Number of protein chains: 2
Amino acid sequence: MRAVLIDLDGVVYEGERVVEGAPTAIQWLQSRRIPCLFVTNTTSRPRAALVSKLAGMGIQIRASDILTPPLAATHWLARFAPGSAALFVPAATRDDFAGLTQLPEAVDEGAASVVIGDLGEGWAFATLNRAFRLLMANPDARLVALGLTRYWRAAEGLRLDVGPFVKALEYASGRDAVVLGKPSAAFFETALESLGVTPAQAVMIGDDIVGDVQGAQGAGIPGVLVRTGKFRESDLARGIQPNAVLGSIAELPAWWAGHH
Amino acid sequence: MRAVLIDLDGVVYEGERVVEGAPTAIQWLQSRRIPCLFVTNTTSRPRAALVSKLAGMGIQIRASDILTPPLAATHWLARFAPGSAALFVPAATRDDFAGLTQLPEAVDEGAASVVIGDLGEGWAFATLNRAFRLLMANPDARLVALGLTRYWRAAEGLRLDVGPFVKALEYASGRDAVVLGKPSAAFFETALESLGVTPAQAVMIGDDIVGDVQGAQGAGIPGVLVRTGKFRESDLARGIQPNAVLGSIAELPAWWAGHH
């Protein structure tokens, strides 16, 4: 083991509250110069906002230490779908697509790719229909999903996330989306490439037995589950075998030491 | 054979133009008192509008001679999901749900069923999210789809139809929709019930080898394909074997006579 992939929400913090011992564990990794990449499916906030949030919790990292779906998508598109990308993403995350050639808004043909994020209230019929027309106008256009999350719990109630809109477009266009978010292997592979390690040299720490543990294992990366965030005891009865289960990320240094 | 199910668009008319010989063929069926039900997936227009359209083409039928997804859904809901229905359908078709207990608008819990039609521009994020919350608020609420059409061709370009929104809600809620439109067996069964015949006593005439012919055959009803509407020669190479292929509905009387 030479590098660590760490999920943020549910592992380092739970909403606005830092997980006890998380800053110390991360400082330990940093002091040992163990390459560390934070991988998150968050598409509604840019990396800079996550860096500030962590700083406020006593965790000092750089934006380049975080891999988000927009970043992974930018890498993937440069390689596999060069040309104009039509972005359906919140304004706040547009900076994370720097370097990408973007199709002007309101145009409904000429996209080499159609990138779908969590637009929330931005999903008017005409907006979703424009994404659909862009796909139909070019049989080679790629449908790129920034994750497949079904919904999230906002203060005022449940809210549809990116996944349902991707499914609507897959069905309408008859095309499968490339998913650049956990648990997709393409996302984990982008993370490994950025760290410069093989799957067996890395370990993924997460609180979601499907998205984090099973997703990582699907890409050949050992997956460690923590009992924080969305963890429930029943997760262990779902037929997925984590490579280890820790009380929280605070136990990571001791566990790491035991494996070296 | 004792009764006929007939698709409208592509069989009786093509857009605003009547298919040559269709009025005569239908008059022949009426004069022989052969029970006849027009089955259509149209959810954007009420039955009364279809009756007027046909009258303008020289075809006299009553609203009760037409089975639309709203009608089929009303029957199905009365039987399998009594209670308040939350309707996500165009205002023009609300009359076709007469007799159904409807949940007041803006309420986001308490529905026994959530009925999804082709709302078009009505699909704002908040609207789709309300349908989702209604499903999540009641684990027993049924998701009812008025067809699964992917899209249609409007004057100004392609437009998403009901199907993609149903798929979004199926994915978000983890629930399968009951589809009350062709090619679903539940829809054809409602048609047979209304005619009072067994599947083998009926015949379905349509221009869509999947929605009409394969759908009918899936419910045990012989399916006859016509070479009008959306018919293409390549349809015959798709591995679906129609029970007969006619040039158009004009040939129905001669074909029927040859089978009696």
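This is a predicted model: local features need pLDDT of at least 70, side-chain atom pairs count only at pLDDT 80 or more; totals for chains, interfaces and linings use all residues.
**How the two copies are related**

Two copies of a chain are related by a rotation about an axis and a shift along it.

Which surface do the copies use to meet? Of the interface residues of chain A, 100% are also interface residues in chain B, so the copies meet through the same surface.

**The cavity**

Rolling a probe the size of a water molecule over the atoms shows where empty space is left. In this model the count comes to 1 cavity of 30 Å³ or more. About 50 Å³ of space lies in the largest cavity.

Both chains supply its lining. From chain A come W123(A), A124(A), F125(A), L128(A) and F165(A). From chain B come W123(B), A124(B), F125(B), L128(B) and F165(B). The elements that give two or more residues to this lining are α4 (125-137) of chain A and α4 (125-137) of chain B. What classes of residue line the cavity? The lining has 10 nonpolar residues, no polar ones and no charged ones.

**Strand β4 of chain A**

Now turn to a strand. In a regular strand the side chains alternate between the two faces of the sheet. Strand β4 of chain A covers residues 36-39. C36(A) and F38(A) point one way from β4(A). L37(A) and V39(A) point the other way. Are these four residues buried or exposed? All are buried. Buried means under 20% relative accessible area.

β4(A) pairs with strand β1 (residues 3-7) of chain A. The two run parallel and are joined by 4 bridges. D7(A) stands opposite V39(A) of β4(A). β4(A) also pairs with strand β5 (residues 66-67) of chain A, in the parallel sense, over 2 bridges. There, I66(A) in β5(A) is the bridge partner of F38(A).

**Backbone details in the loops**

| Residue or bond | Angle | Feature |
|---|---|---|
| K182(A) to P183(A) | omega near 5° | cis peptide bond |
| K182(B) to P183(B) | omega about 5° | cis peptide bond |
| R33(B) | phi near 55° | positive phi, not a glycine |

Where do these residues sit? P183(A) is in the loop between β11 (178-179) and α6 of chain A. P183(B) is in the loop between β11 (178-179) and α6 (185-195) of chain B.

A106(A) lies in the loop between β6 (85-88) and β7 (113-116) of chain A. Its relative accessible area is 69%, so A106(A) is exposed. R33(B) belongs to the loop between α1 (22-31) and β4 (36-39) of chain B. R33(B) has 75% relative accessibility, so this residue also counts as exposed.

**One more loop residue**

T198(A) is found in the loop between α6 (185-195) and β12 (202-206) of chain A. Its relative accessibility is 41%, so T198(A) counts as partly exposed. How far apart are the C-alpha atoms of T198(A) and S52(A)? They are separated by 30 Å, and the two residues are 146 residues apart along the chain.

Definitions and conventions: Residues are numbered from 1 along each chain as its sequence is written. Chains are lettered from A and ligands numbered from 1 in the order in which they are written. Side-chain values use heavy atoms; hydrogens and water are left out. Contact means heavy atoms within 4.5 Å. Buried means under 20% relative accessible area, exposed over 50%, partly exposed in between (1.4 Å probe, protein chains only). On a 1 Å grid over the protein atoms alone, a cavity is a set of points where a 1.4 Å probe fits but cannot get out, and a pocket is an open set with protein on both sides within 12 Å along at least five of seven lines; lining residues have an atom within 4 Å of a point. Grid points are joined across faces, edges and corners, and a volume is the space filled by probe spheres set on the points. Ala, Val, Leu, Ile, Met, Phe, Trp, Tyr, Cys and Pro count as nonpolar, Asp, Glu, Lys and Arg as charged, and the others, Gly among them, as polar. Two strands pair if DSSP finds at least two bridges between them.
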